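Q: I have a model open and would like to learn how to read its features one at a time. Where do we begin?

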Amino acid sequence: MTQRYVYRFGGGVSDGGKGDRNLLGGKGANLAEMASIDLPVPPGFTISTAMCTRYYEEGESFPDSLRAEVAEGLAHIEAVTGKRFGDAADPLLVSVRSGARVSMPGMMDTVLNLGLNDETVAGLAAASGDERFAWDSYRRFVQMYSDVVLELDHGAFEEALEIAKEDRGYTLDTELSAADWQALVAEYKQIVEKEWGKPFPQDVHDQLWGAVGAVFGSWQSERAKVYRRLNNISGDWGTAVNVQAMVFGNMGDTSATGVAFTRDPAKGDRAYYGEFLINAQGEDVVAGIRTPQYLTKAAREEAGAKPLSMEEALPEVYVELAAVFDRLETHYRDMQDIEFTVERGKLWMLQTRSGKRTAKAALKIAVDMADEGLISREEAITRVDPQALDQLLHPTLDPDAPRDVLTKGLPASPGAASGFVVFDADAAERAAADGKAVILVRTETSPEDIHGMHAAKGILTARGGMTSHAAVVARGMGRPCVSGAGSLSISAKDKVMRVAGREIREGDMLTIDGATGEVMVGEVATIMPELAGDFGTLMAWADDVRRLRVRANAETPADCRVAREFGAEGVGLCRTEHMFFDAARITAVRQMILAEDEGGRRAALAKLLPEQRADFTAIFEVMAGLPVTVRLLDPPLHEFLPHEENEFAEVAAATGIAIEQLKRRAAELHEFNPMLGHRGCRLGVTYPEIYETQARAIFEAAIDVAEKSGEAPIPEVMIPLVGTRRELELMKAVVDTAAQAVFAERGRTIEYLVGTMIELPRAALRAGEIAEAGEFFSFGTNDLTQTTLGVSRDDASRFLSAYVEKGIYARDPFVSLDVEGVGELVEIAAERGRKTRPDIKLGICGEHGGDPASIAFCERVGLDYVSASPYRVPIARLAAAQAALQARS
């Protein structure tokens with residue numbers, strides 16, 4: 001049986017529905033769904049994602065069977081509309097749009113008004129009774145088709161349009177007459193013939209297949225690849241193509257086009273949110289070519305805008321649209337992002353999808369919908385992307401800080417950011433790679449700017465509304481954005497921005513406030529937000545359902561305080577080497593390392609003992625009553641060694657040892673591969689006094705805090721880089737001896753554990769026997785990934801992006817756990833460790849502890865906890881809850 005690739009919708013027909021997202025893409029599935037519930041949807045058909053896959057497999061060509069199916073799809077549209085494709089008297093025009101299974105706003109291509117040529121434009125003029133509309137539609141089609149399908153420079157067409165307006169003394173496109181548009185079409189066609197070498201295509205079927213190929217081709221465009229990489233979207237999914245009868249928002253003052261959300265996507269308020277333009281087509285709103293008008297009267301009045309809202313200008317259609325909003329939100333049980341067109345007073349729905357939203361809005365919408373009874377609390381937990389919570393930790397401007405306000409635009413995406421001004425995406429990416437914070441300033445953004453928007457701390461545009469490309473993408477990325485700052489005059493060529501007699505050049509410092517729309521000169525002080533309200537509510541719901549505990553990687557009292565505020569249930573990794581690097585004690589550390597014998601080392605360690613005890617006391621005070629996993633000294637000793645002459649002199653003065661003798665000793669300690677050298681438990685085996693001193697400091701501090709607060713911390717002493725049971729046995733004996741000595745001296749005992757970090761493949765494989773000595777395992781997945789893959793994390797950036805792009809790894813294995821390789825070792829170690837010691841405590845403490853996909857794996861394997869950096873603790877809490885819910889389903 002021949003595989004089917006074309007699925008119809010509209011006119012009482014729906015070959016698919018919302019459950020067919022993978023096959024028809026989100027747009028196609030939802031068009032079919034809206035048609036099935038009798039909403040006004042222009043008829044059309046969807047070419048499936050399976051065809052996209054086959055298109056690339058067969059050298060970017062179409063099978064003959066598809067041509068027959070498309071002909072049937074066109075016949076369906078013709079039957080419903082009563083128009084014929086290519087008919088010179090009353091032509092059917094269609095739009096050709098992309099539609100992947102997940103929304104990728106602006107990343108793939110669209111062609112509108114397809115089916116116009118030198119003959120059909122006259123038919124459209126006669127049938128519509130509006131010659132200006134017909135020629136405006138034709139010039140739009142030539143410009144869009146030339147850009148998307150013929151891949152000609154759209155700047156040449158924009159320049160011709162601007163010159164045409166200047167020559168006639170016009171400022172707006174709407175001022176151009178039918179004759180003006182006709183003349184511009186002729187000029188556009190000349191540009192095409194000059195740049196393409198052939199006349200603009202006149203055969204409507206050639207136009208259609210060119211557009212379908214371009215949409216499929218845009219799946220592999222650079223901007224689409226970048227977006228997929230940033231959002232972890234598989235390149236194997238492909239896109240669908242939607243061919244749909246055109247409806248026209250540019251047929252005069254009773255026609256319009258708009259984009260709307262059923263709730264505020266920036267704040268989450270239950271209020272219609274959107275924009276529209278009278279006498280325009282959809283691309284005018286989304287692309288930010290014209291700054292649109294507000295949807296509701298309340299929004300217009302709040303903004304102090306003069307142009308009438310849709311509620312005021314088209315009141316009857318607005319009432320109908322509001323009813324559709326409520327119906328769609330109830331039907332989909334989620335906030336919807338809707339595109340619509342009004343053609344001579346008739347409302348048409350062109351798209352609905354779950355709307356992209358900020359983290360703040362996602363929290364509010366999820367909590368509100370649960371309170372409204374529209375969804376359950378469990379569903380509310382799954383509605384918020386854990387990674388998006390990072391946005392909530394973004395700073396806001398200090399209300400008391402002085403500010404030099406330059407201008408004000410639309411508050412398109414919340415948050416505040418300061419940075420050096422850049423005027424193009426490539427410059428933003430280069431500057432960010434050098435560690436500079438930048439604000440990307442553009443007249444308007446386009447999908448080609450995606451990499452620069454990701455690199456920038458904030459985005460500022462002169463054109464575009466709250467639903468423009470810049471606004472939608474910035475909200476999805478969590479970047480502050482101010483759009484539609486119309487008073488700005490921006491010259492990307494000269495790298496300068498002018499407003500109110502002032503100039504801002506590339507490299508100048510600028511601050512934007514995406515919550516108010518203010519643009520300020522210089523850097524404005526910021527404050528961290530308070531996390532309460534909806535955040536606290538959803539986190540409480542998440543804590544009720546998650547099984548995994550969440551700890552923090554923290555080694556300072558400040559980190560520990562932040563972690564506790566964010567809900568950490570202990571410390572999963574306290575790295576003691578960071579304490580050794582303190583400037584006040586580095587000389588004693590170097591004295592210990594360079595000592596020739598145990599006596600010399602103990603003398604230096606005696607100086608460090610009170611310092612280490614104070615470090616642990618400060619941490620235990622914050623974490624009183626909670627477990628704190630302390631990793632004993634891990635890095636190779638050479639990292640602490642002096643390098644400069646003055647550093648050797650300081651050690652010589654402290655020890656009385658000659659500089660030359662110190663240099664000789666430093667040379668003896670040099671290692672060719674220190675990452676696999678004299679580090680971790682190997683230090684403890686050769687110099688047990690180091691671990692003895694650290695253990696003593698831990699237990700003395702723990703007892704001090706227990707006596708002072710009445711709440712003892714629970715130290716978990718972790719031996720790093722263990723590969724054999726004997727190594728752990730030797731080190732556990734050192735720790736236990738130190739503990740018993742301190743307990744005898746102080747006349748008090750406390751609970752503690754001794755375990756190891758599993759970061760070597762051998763340790764994972766021999767976990768059963770290692771568990772005979774170890775009371776807990778903490779998987780150090782940073783090093784376990786390095787040692788399993790044979791890849792240096794510090795050097796991998798040179799090639800890992802190519803590995804991800806070519807499908808060797810699905811994601812960077814240092815960001816998201818390599819489940820098939822490293823994950824199998826974790827699973828083996830967990831299983832074998834539990835077989836030996838059923839009550840063994842198992843956790844993960846690498847950077848993967850804050851990655852939702854890795855947390856889901858930890859839930860499946862049955863680990864007891866994950867440990868993440870303090871600011872990722874909320875992300876881990878929510879991800880753990882979602883993983884638990886997924887495990888139940």
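A: We begin with a definition: a residue is buried under 20% relative accessible area, exposed over 50%, and partly exposed in between. Arg-498, with a relative accessible area of 35%, is therefore partly exposed. Keep in mind that this is a predicted model.

Q: Arg-498 forms a salt bridge with which residue?
A: A salt bridge needs a Lys or Arg side-chain nitrogen within 4 Å of a carboxyl oxygen of Asp or Glu. Arg-498 meets that with Glu-503, where the closest N and O atoms are 3.0 Å apart. Glu-503 is partly exposed too, at 41% relative accessibility.

Q: How many salt bridges does a search of the whole structure find?
A: The search finds 59. One of them joins Arg-502 to Asp-404, with 2.8 Å between the closest N and O atoms. Arg-502 belongs to strand β23 (residues 502–505) and Asp-404 to strand β15 (residues 404–408), so this pair ties together parts 98 residues apart in sequence. Arg-502 is partly exposed at 34% relative accessibility, and Asp-404 is partly exposed at 32%.

Q: Where do Lys-732 and Asp-736 lie?
A: Both are in helix α28 (residues 725–746), 4 residues apart, which is about one turn of the helix.

Q: What is the strand order in the open sheet of 5 strands?
A: The order is β11-β10-β9-β12-β13, with antiparallel pairing. At the edges are β11 (293–294) and β13 (346–354), each of which pairs on one side only. Within the sheet, β9 (residues 256–261) and β10 (residues 273–278) pair over 6 bridges, and Gly-258 stands opposite Phe-276 in β10.

Q: Over how many bridges do β12 and β13 pair?
A: They pair over 8 bridges, in the antiparallel sense. Ile-338 stands opposite Thr-352 in β13. The hairpin of these strands has 2 residues between them, and Arg-344 takes a positive phi near 50 degrees there. Helix α13 (residues 315–332) lies across β9, β12 (336–343) and β13, at about 30 degrees to β13.

Q: Which residues touch the most other members of the largest nonpolar core?
A: The core has 103 residues, and those with the most contacts to other members are Phe-620, Phe-699, Ile-719, Val-735 and Leu-863. Helix α27 (residues 688–709) gives the most to this core, with 10 residues. Beyond four places in sequence, the contacts of Phe-620 include Val-628, Ile-698, Ala-701 and Pro-713. A second, separate core of 87 residues has Phe-62, Trp-181, Ile-191 and Ala-474 among its members.

Q: How many disulfides does the count come to?
A: The count is 0. A disulfide needs two cysteine sulfur atoms within 2.5 Å. For Cys-560 the nearest cysteine sulfur is that of Cys-574, 6.8 Å away, and Cys-560 is in no disulfide. Cys-560 is buried, with a relative accessible area of 0%, and Cys-574 also counts as buried, at 0%.

Q: Is Pro-852 buried or exposed?
A: Pro-852 has a relative accessible area of 18%, so this residue is buried. Pro-852 is found in helix α34 (residues 852–861). Not counting residues up to four places away in sequence, Pro-852 touches Pro-386, Gln-387, Arg-872, Ile-875 and Ala-879.

Terms used. Residues numbered from 1 in each chain as written. Predicted model: local features only at pLDDT ≥ 70, side-chain atom pairs only at ≥ 80, totals over all residues. Heavy atoms only, no water. Pairing = 2+ DSSP bridges. Contact = heavy atoms within 4.5 Å. Axes fitted to C-alpha atoms, helices over the stretch in contact; angles between N-to-C directions. Buried < 20%, exposed > 50% of the residue type's maximum accessible area, 1.4 Å probe, protein only. Core = buried A, V, L, I, M, F, W, Y, C linked by side-chain atoms within 4.5 Å.
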